[in-house]
Amino acid sequence: MTDRDAVLALNQAFYRAFSDRDYPAMDSLWAAHLPVCCIHPGWTILFGREAVMASWGDVLNVPNGPVIQARNERVMLYGDTAVVICEETLGHAVLAATNLFAREDGEWRLVHHQAGPIADPLVHTNDPIGRPSSTRLH
């Protein structure tokens, strides 16, 4: 399996654990020794594994929480670090997300997650730069 495939599989496992409300699976994806942080939409920045995992415990314990799916995933590799940029769909809402992975003890692990609302989600195009297909100015 290539590094790109491994990171993409880990990113997909992250969203599966999220949608399945599977705390043990979520816990296993995050780095145990590297510094971690997380920014949930509307929350303050969380630093450290204890705070990040406590937040996931709270998020995953919400009964009937939203089913979240990732789409338009793009993997960028930088040696022992990788970034996945994607869109998260929650019903009709769309968020932009950044997931940062790093190698820890030879395995890819999640070290940062951030998601927030976007006004106009990107439409999948063949544009190699990833520009939105709309002509809307920013």
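A quick word on the ground rules. This is a predicted model, where local features need pLDDT of at least 70 and side-chain atom pairs count only at pLDDT 80 or more, while totals for chains, interfaces and linings use all residues. Residues are numbered from 1 along each chain as its sequence is written, and side-chain values use heavy atoms, leaving out hydrogens and water.

Now the fold. There are 3 helices and 6 strands, taken as DSSP runs (H or I, at least four residues, for helices; E, at least two, for strands) and numbered from the N terminus. Along the sequence they read α-α-β-β-α-β-β-β-β. Of the 138 residues, 38% count as buried, meaning under 20% relative accessible area.

E104 is buried yet has no salt bridge, which would take a side-chain nitrogen of Lys or Arg within 4 Å of a carboxyl oxygen of Asp or Glu. The nearest side chain of opposite charge, R109, is 4.9 Å away; here Lys and Arg count as positive, Asp and Glu as negative, and His and the chain ends are not counted. A polar atom of the E104 side chain does lie 2.6 Å from the backbone nitrogen of H33. Leaving aside residues up to four places away in sequence, E104 touches A31, A32, H33, L34 and R109, with contact meaning heavy atoms within 4.5 Å.

Technical notes
Buried means under 20% relative accessible area, exposed over 50%, partly exposed in between (1.4 Å probe, protein chains only). A polar contact is a pair of N or O atoms within 3.5 Å; within protein, one must be able to donate a hydrogen and the other to accept it, and residues adjacent in sequence count only if both atoms are side-chain atoms.
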